[in-house]
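This report looks at how the side chains pack in one protein chain. Look at the structure below before reading on.

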Amino acid sequence: MHRAHQYAIPFENLDVLLRRPVVLDPEASYEKIVRRRRGGWCYEMNGVMGWALKEIGFEAMRISAGVMRVLAGDAQLGNHLCLLVRLDQPYLVDVGFGGSLAEPFPLSASQREDRPYRLGLSEVGDSYWRFTEIAHGGDAFSFDFRAAPADEELLARKCLFLQTDQASPFLQNLVVQRRTADTHLSLRGRVLSTIHSTRVDKKLLNSADELVATLRDKFDLDTPEAATLWPSICARHEALFAGTSPVT
């Protein structure tokens, strides 16, 4: 189930950029992701996955995590929802990023390769675990969590903050991601990256039409309204990369 979700459903923040409210209600997320064949972010995708697992009979617990807590501290807690599922042992389940974790990760200090990523879990003190991923040529990405039930009020506050506060990266940048076998596709603004184990191929999008076509052909997202975001995407690209090239 985990692998099938990762291959079929992309991470995307189009609704946030289009100023459409995103809620924690799993039925609303089901309507969006399953019936309307959209993607979503962690609150939606792990919300639906957790709901489905419980309906089937799995013991699935929602847990709140902090992306890059290693750098920004406890203020990051609640900015990510993931799951802990108990079978023969506890497993970290996370389909909320559209990519690195191909299948559940046993809750123990260990490392493995889910190509094109190298993944690891480690204990970092005060009952926290740290999940880390590294792709070719990239910096380490991580999130911290405790194996305890999520603070649902904190998740609700962070979900609202990330879609309304101008400091939120999800209001500043288009992000769409999905896994395809041993590669990972990532669209950030105008830059489409295909991440392999040994290289990263990049392409610069040049028009609103190309953006809509890329969302359709690469991510299975039929979202022509994304064309309205093109001016802000170009402005953000210029602010980040003026005088340099993000594609080499």
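Which residues form one aromatic cluster? In this predicted model, the members are Phe-97, Phe-105, Phe-131, Phe-141, Phe-143 and Phe-145.

The count of aromatic pairs comes to nine. Two of these pairs are set out here.

| Pair | Distance between ring centres | Angle between planes |
|---|---|---|
| Phe-11 and Phe-170 | 6.2 Å | 45 degrees |
| Phe-105 and Phe-131 | 6.4 Å | 85 degrees |

The planes of Phe-11 and Phe-170 stand at 45 degrees, so this pair is tilted. Phe-11 lies in strand β1 and Phe-170 in helix α7, 159 residues apart, and both are buried. For Phe-105 and Phe-131 the angle is 85 degrees, so the pair is edge-to-face. Phe-105 belongs to strand β5 and Phe-131 to strand β8, 26 residues apart; both residues are buried.

Nonpolar side chains tend to be buried together in soluble globular proteins. Here the largest nonpolar core has 25 residues, and Trp-41 and Tyr-43 touch the most other members. Helix α4 gives the largest share of this core, six residues. Apart from it lies another core of 19 residues, which include Leu-107, Trp-129, Phe-131 and Ala-135. Among the residues that Trp-41 touches are Phe-11, Cys-159, Leu-162 and Phe-170.

Phe-11 also stands opposite Gln-177 in β10. Strands β1 and β10 belong to an open antiparallel sheet of five strands, in the order β1-β10-β11-β12-β13. Both β1 and β13 are at the edges with a single partner strand each, so one side of each has no neighbour in the sheet.

Note on methods:
Residues are numbered from 1 along each chain as its sequence is written. This is a predicted model: local features need pLDDT of at least 70, side-chain atom pairs count only at pLDDT 80 or more; totals for chains, interfaces and linings use all residues. Side-chain values use heavy atoms; hydrogens and water are left out. A nonpolar core is a set of buried Ala, Val, Leu, Ile, Met, Phe, Trp, Tyr and Cys residues joined through side-chain atoms within 4.5 Å. Buried means under 20% relative accessible area, exposed over 50%, partly exposed in between (1.4 Å probe, protein chains only). Helices (H or I, at least four residues) and strands (E, at least two) are DSSP runs, numbered from the N terminus. Contact means heavy atoms within 4.5 Å. Two strands pair if DSSP finds at least two bridges between them. Rings of Phe, Tyr and Trp (its six-membered ring) pair if their centres lie within 6.5 Å; planes under 30 degrees apart count as stacked, over 60 as edge-to-face and the rest as tilted. Lists of a residue's contacts leave out its neighbours within four places in sequence.
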